[in-house]
Amino acid sequence: MKYSDYLEEMQRDDDFVGTVALIAAYEQEIDDLRTAVAGMTAAQVLSRPIPGKWSTLEVIAHIADTEIYYTDRIERTIALERPLLMGVDERPYPERLNYQALDLGEQLDLFAALRQHGARILRLQPPAAWLRVGVHSETGIVTLRQLVFQAVRHVRHHLTFIAEKRAAMPG
Amino acid sequence: MTISNNVAEAQTDNTNLTVAELILAYERGSDELRASVSGMTDEQLRTRPIPGKWSTLEVVCHIADCEQFFADRMKRTAAMDHPLLIGVEGFLYAERLGYQQHNLAEELDLVAITRRQMARVLHLVSADVWQRTAVHTEKGLMTLRQLLLHAINHMRHHLQFMAEKRAALKKGAS
């Protein structure tokens, strides 16, 4: 899949999902992420059981770092008029930010704190705010709803990979 | 003072400080913020004792939100080549994001975990990374070191205002 197609799918709106359900899904992923890595040893978290793919810790660190700028984009879009939302080349992050040397618990706590904070802000928004827009440097105009869908789908996307890694680990 | 002056002041470097000292100052900021609001009641947190200025809770929320884009900027600069960092008008956030309805403990915890996690990353980066640069839309070319200084000084700047509010609350109550 081309990267642009991937981003388009991540940001796709779904009229069947109301605001309350969307925020609930957004918050639920705090527990989903913790559950996905529950019981893993330090060695398992650091291992790369699928050749050429990240370790579980690298995936979690990626999710936490991504969540920082997803939250930032959500807030800019609510607070500012048509803000520019800069895309990120995430590929150099694991090596340059030493993801393998980071602390799993800290990454999970950072993710949880960001989602709790974001969910509180989203619950306070009037209906009109959900149609506010930002300009994403890679995908163009995006609504607040689309940005929240993207955050939710991004974690789901990576939870699948974490499950694959766990299944590929010996024992 | 204009926003650009604020930005310039917040990035003033003290070349006598080592990287380790800067990271320590950054890490300590979370406790300094907690201490600055310690013992305040809900009512005191939401009061605006100085006319035309934010409540203490609004300042803490502003700091918590700024910490997110400070961390994001530092990470982009350490990881990417010469990224563009978009400035932000943080003063518009208070009303639209409903700062007065936020939870103090949640905001303090967010600042603490953001700084703890970012400090771990900063401890790990190699010496050459500190001179990596980014382009900030308001300030121009900035190094990672300047971005860290900005975060440290931004919080200190607001801690002064919070102390002024507490003093004004005390004066009003006496």
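Analyst: What follows starts with the model itself, then turns to the salt bridges and the helices around them.

This is a predicted model, in which local features need pLDDT of at least 70 and side-chain atom pairs count only at pLDDT 80 or more, while totals for chains, interfaces and linings use all residues. Residues are numbered from 1 along each chain as its sequence is written, chains are lettered from A and ligands numbered from 1 in the order in which they are written, and side-chain values use heavy atoms, with hydrogens and water left out.

The predictor gives the complex an ipTM of 0.93 and a pTM of 0.93.

Now the salt bridges. Side chains of opposite charge can pair when their charged atoms come close. Here a salt bridge means a side-chain nitrogen of Lys or Arg within 4 Å of a carboxyl oxygen of Asp or Glu.

Take Glu29(A) and Arg156(A). They form a salt bridge, and their closest N and O atoms are 3.9 Å apart. This pair links distant parts of the chain: Glu29(A) sits in helix α2 (residues 19-37) of chain A and Arg156(A) in helix α7 of chain A, 127 residues apart. Helices are DSSP runs of H or I with at least four residues, numbered from the N terminus. How do the two ends differ in cover? Buried means under 20% relative accessible area, exposed over 50%, and partly exposed in between, with a 1.4 Å probe and protein chains only. Glu29(A) has a relative accessible area of 1%, so Glu29(A) is buried. Arg156(A) has 48%, so Arg156(A) is partly exposed.

Next come Glu67(A) and Arg115(A). Their salt bridge has its closest N and O atoms 2.6 Å apart. Again distant parts of the chain are linked: Glu67(A) lies in helix α4 (residues 56-79) of chain A, Arg115(A) in helix α6 of chain A, 48 residues apart. Glu67(A) is buried because its relative accessible area is 0%. Arg115(A) is buried too, because its value is 0%.

These two pairs belong together. Glu29(A), Glu67(A), Arg115(A) and Arg156(A) are linked in a network of salt bridges.

Another pair is Arg34(A) with Asp109(A). Their side chains meet in a salt bridge at 3.1 Å, N to O. Arg34(A) is in helix α2 of chain A and Asp109(A) in helix α6 of chain A, 75 residues apart, so this pair also links distant parts of the chain. Arg34(A) counts as partly exposed because its relative accessibility is 33%. Asp109(A), at 33%, counts as partly exposed as well.

At its start, a side-chain oxygen of Asp103(A) reaches to within 3.2 Å of the backbone nitrogen of Gly105(A).

Last, helix α7 of chain A. Gln150(A) is found in this helix, which covers residues 144-168. Gln150(A) has 2% relative accessibility, so Gln150(A) counts as buried. What does Gln150(A) contact, leaving aside neighbours within four places in sequence? With contact meaning heavy atoms within 4.5 Å, the partners of Gln150(A) are Leu7(A), Met10(A), Gln11(A), Tyr70(A) and Arg73(A).

How values were computed. Helices (H or I, at least four residues) and strands (E, at least two) are DSSP runs, numbered from the N terminus. A polar contact is a pair of N or O atoms within 3.5 Å; within protein, one must be able to donate a hydrogen and the other to accept it, and residues adjacent in sequence count only if both atoms are side-chain atoms.
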